[in-house]
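The entries follow in the order in which I looked things up.

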Amino acid sequence: MLKRTIFSLYVAATLVACGNDQPADTSNAKPVSADQNTTSSSMSELKSKALQEDDIYGRVSNSLGTLQREYEATVNQPPNVGETGVYVDDKLNIVIKNEKGGDTYETIFNMKDLSAEDGGLSLIADKLPGEFPGLRIQVLEGREGVKKYKNHQLIAEERALEIYMPHRENIERIVPAIVAALNVAHGKN
């Protein structure tokens with residue numbers, strides 16, 4: 001609870017410091033839960049935990065829980081290295097926050113600004129030693145880009161979201177969840 005309050009204050013301070021550099025107000029962003037209890041024994045218990053079809057925020061947040069789990073499972077492993085959290089608000093603004101080496105890195109984007117069309121998502125191969133597997137999702141034409149911050153300072157705005165993981169298996173687990181979140185955000189599921 002304290003961590004969530006601190007993050008909310010942090011996001012508010014970032015908004016004040018950055019002015020118009022933010023794509024949207026992310027002060028309502030909540031941490032994505034990595035908890036997934038799949039040991040439910042009764043159908044009524046499963047139904048009580050089911051998300052409603054019109055709960056876009058809940059469904060996107062639930063899908064991004066897979067990404068959060070992979071970040072937690074790979075903490076202190078390259079290329080992500082630090083403690084990484086995934087946050088989402090009710091407008092589907094996403095913040096991926098990574099704290100490593102005394103620095104704070106943030107990637108901020110809106111799920112609706114990413115392409116859900118065929119060809120919008122591609123895999124990044126790790127062909128050479130020292131490279132890491134990943135995925136790339138293109139930003140839709142005319143939409144806000146993916147903003148990258150280091151210690152609250154805007155350092156880049158990119159036309160694609162790139163996520164890297166230590167192993168291909170990590171990417172294999174997050175791709176279906178990311179595709180599901182994109183489809184829900186764009187009203188395709």
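This is a predicted model: local features need pLDDT of at least 70, side-chain atom pairs count only at pLDDT 80 or more; totals for chains, interfaces and linings use all residues.

**Entry 1. The S7–S8 hairpin**

I looked up S7 and S8 and found that they form a hairpin with two residues between them. Asparagine 151, in the turn, has a positive phi of about 50°. The two strands pair in the antiparallel sense over five bridges. Within this pairing I noted lysine 147, whose bridge partner in S8 is glutamate 157.

I then asked how many of the five residues of strand S7 are buried. Four are, and the strand, residues 146–150, is thus recorded as mostly covered.

S7 also pairs with strand S4 (residues 103–110), in the antiparallel sense and over four bridges. Here tyrosine 105 stands opposite lysine 150 in S7.

**Entry 2. The six-stranded sheet**

I next traced the sheet to which these strands belong. It is an open sheet of six strands in the order S1-S2-S3-S4-S7-S8, and its pairing is antiparallel. Which strands stand at the edges? I found strand S1 (30–31) and strand S8 (153–158), each of which pairs on one side only.

Further along the order I examined strand S2 (residues 83–88) and strand S3 (residues 93–100), which run antiparallel and are joined by six bridges. Valine 88 has isoleucine 94 in S3 as its bridge partner.

I then looked for a helix against this sheet. Helix H3 (residues 56–73) lies across S1, S2 and S3, and its direction is at about 175° to S2.

**Entry 3. The three-stranded sheet**

A further open sheet has three strands in the order S5-S6-S9, again with antiparallel pairing. Strand S5 (121–124) and S9 are the edge strands; each has a single partner strand, so one side of each is left without a neighbour in the sheet.

S6 and S9 are paired antiparallel over five bridges. Isoleucine 137 stands opposite leucine 161 in S9. Helix H4 lies across S5, S6 and S9, at about 20° to S6.

**Entry 4. The nonpolar cores**

I asked which residues of the largest nonpolar core touch the most other members. Of its 29 residues, these are Leu64, Leu67, Ile94, Phe109, Met111, Leu114 and Ile163. At least two residues of this core come from each of H3, S2, S3, strand S6 (134–138), strand S9 (160–164) and helix H4 (168–185). H4 gives the most, with eight residues.

I looked up phenylalanine 109 individually. Leaving aside its neighbours within four places in sequence, phenylalanine 109 is in contact with Leu92, Asn93, Ile94, Ile96, Leu114, Val146 and Leu161. There is also a second, separate core of five residues, among them Ala29, Val95, Ile108 and Tyr149.

**Entry 5. Salt bridges**

My search of the whole structure gave nine salt bridges.

Aspartate 113 and arginine 143 form a salt bridge in which the closest N and O atoms are 3.2 Å apart. Aspartate 113 lies in the loop between S4 and S5 and arginine 143 in the loop between S6 and S7, so the pair ties together parts that are 30 residues apart in sequence. Are the two partners buried or exposed? Aspartate 113 is buried, with a relative accessible area of 11%, whereas arginine 143 counts as partly exposed at 38% relative accessibility.

Aspartate 126 forms a salt bridge with arginine 168, with the closest N and O atoms 2.9 Å apart. Because aspartate 126 lies in the loop between S5 and S6 and arginine 168 in helix H4, this pair ties together parts that are 42 residues apart in sequence. Aspartate 126 is partly exposed, its relative accessible area being 21%.

Glutamate 162 and arginine 136 meet through their side chains in a salt bridge of 2.7 Å, N to O. Glutamate 162 lies in strand S9 and arginine 136 in strand S6, so the pair ties together parts that are 26 residues apart in sequence. Glutamate 162 is partly exposed, with a relative accessible area of 27%; arginine 136 counts as partly exposed at 26% relative accessibility.

Key:
Residues are numbered from 1 along each chain as its sequence is written. Side-chain values use heavy atoms; hydrogens and water are left out. Two strands pair if DSSP finds at least two bridges between them. Contact means heavy atoms within 4.5 Å. Axes are lines fitted to C-alpha atoms, for helices over the stretch in contact, and angles run from 0 to 180 degrees between N-to-C directions. A nonpolar core is a set of buried Ala, Val, Leu, Ile, Met, Phe, Trp, Tyr and Cys residues joined through side-chain atoms within 4.5 Å. Buried means under 20% relative accessible area, exposed over 50%, partly exposed in between (1.4 Å probe, protein chains only). A salt bridge is a side-chain nitrogen of Lys or Arg within 4 Å of a carboxyl oxygen of Asp or Glu.
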